[in-house]
Amino acid sequence: QVQLVESGGGLVQAGGFLRLSCAASGRTFSSYMMGWFRQAPGKEREFLTAIRWRSGLTSYADSVKGRFTISRDNAKNTVYLQMNGLKPEDTAVYYCASAAGPGAEYDVWGQGTQVTVSS
């Protein structure tokens, strides 16, 4: 089993930036792809972006394309989410998750980190 721990959340003013980290440990070789999601109060969980460990291939939701960037450091088993131009509507709990294969469900989740953007 893979374990995931997010960090880097906090309070930031609109227009600011944050970088979230997601450190993977345990059976990391079983992880094929990592994704970032968020969930705001009263809203459904939203997919943001994903990256494949081996190829580095990425995908983005339209809502964050051009503002958020996902990257990974294979040596550190860590995935990052660089968030620029933050808006109050980006306020949410951000989660990273792992999927074991292409098209597989994300079946391992971190505990989440709170991001609050003030206007």
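The side chain of Ser98 makes a polar contact with the side chain of Ser31, at 2.8 Å. A polar contact here is a pair of N or O atoms within 3.5 Å; within protein, one must be able to donate a hydrogen and the other to accept it, and residues adjacent in sequence count only if both atoms are side-chain atoms. This is a predicted model, where local features need pLDDT of at least 70, side-chain atom pairs count only at pLDDT 80 or more, and totals for chains, interfaces and linings use all residues. Residues are numbered from 1 along each chain as its sequence is written, and side-chain values use heavy atoms, with hydrogens and water left out.

Is Ser98 buried or exposed? Ser98 counts as buried because its relative accessibility is 2%; buried means under 20% relative accessible area, exposed over 50%, partly exposed in between, with a 1.4 Å probe and protein chains only. Leaving aside residues up to four places away in sequence, Ser98 touches several residues, among them Leu4, Met33 and Tyr106. Contact means heavy atoms within 4.5 Å.

Now the strand. Ser98 is found in strand 9, which covers residues 92-99 and has six of its eight residues buried. Strands (E, at least two residues) and helices (H or I, at least four) are DSSP runs, numbered from the N terminus.

Which strands pair with strand 9? Strand 4 does so in the antiparallel sense over seven bridges; pairing requires that DSSP finds at least two bridges. Strand 11 is also antiparallel to strand 9, over three bridges, and so is strand 10, over three bridges. In strand 10, Val108 is the bridge partner of Ser98.
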